[in-house]
Amino acid sequence: MPASTPKTATGASARRRRRHPRYHGDFRVIVSYLLGNNYQKLEGHCRDLSEAGIGILLAAELNGGEVVGLNFSLPGSANQREFRAVLRYRRGYHYGFEFLSLSSEQQESLRDYAKNLDPID
């Protein structure tokens, strides 16, 4: 019987490969979500950002898969932007949201903001 070909170990960097680079973020974010029959608004703080999502420090208890509204102004811009996002992960008070259905204007504003920043990973 022939010996099987050994499999190479997949490194942590290959497992963590992302579609879009992340960048450090440092700005205020208003998170709106439905609690019961009422919308709640909480203030959070952006820690990281990419074209596909955002990491926010938030003192709240949100459930995975929850869809929220995000309202923020990117540093250097006077325009408030509204985004829809879904909660993908949580570690303590750090929440990771994936943007939903970005318009071309929203995509462009995220790209323009990030082009002068150094990627995190």
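Modeller: Searching the whole structure gives five aromatic pairs; rings of Phe, Tyr and Trp (its six-membered ring) pair if their centres lie within 6.5 Å, and planes under 30 degrees apart count as stacked, over 60 as edge-to-face and the rest as tilted. One of them joins Phe 27 and Tyr 113, edge-to-face, at 6.2 Å centre to centre and 90 degrees between the planes. This pair links distant parts of the chain, 86 residues apart: Phe 27 is in the loop between β1 (23-24) and β2 (28-35), and Tyr 113 is in helix α2 (residues 104-114). Helices (H or I, at least four residues) and strands (E, at least two) are DSSP runs, numbered from the N terminus. The model is predicted: local features need pLDDT of at least 70, side-chain atom pairs count only at pLDDT 80 or more, and totals for chains, interfaces and linings use all residues. Residues are numbered from 1 along each chain as its sequence is written, and side-chain values use heavy atoms, with hydrogens and water left out.

Phe 27 is buried because its relative accessibility is 6%; buried means under 20% relative accessible area, exposed over 50%, partly exposed in between (1.4 Å probe, protein chains only). Tyr 113, at 15%, also counts as buried. Phe 72 and Phe 83 make a stacked pair, because their ring centres are 4.8 Å apart and their planes are at 5 degrees. Here Phe 72 in strand β5 (residues 67-72) is linked to Phe 83 in strand β6 (residues 81-91), eleven residues apart. Both Phe 72 and Phe 83 are buried. One aromatic cluster is formed by Phe 27, Phe 72, Phe 83, Phe 99 and Tyr 113.
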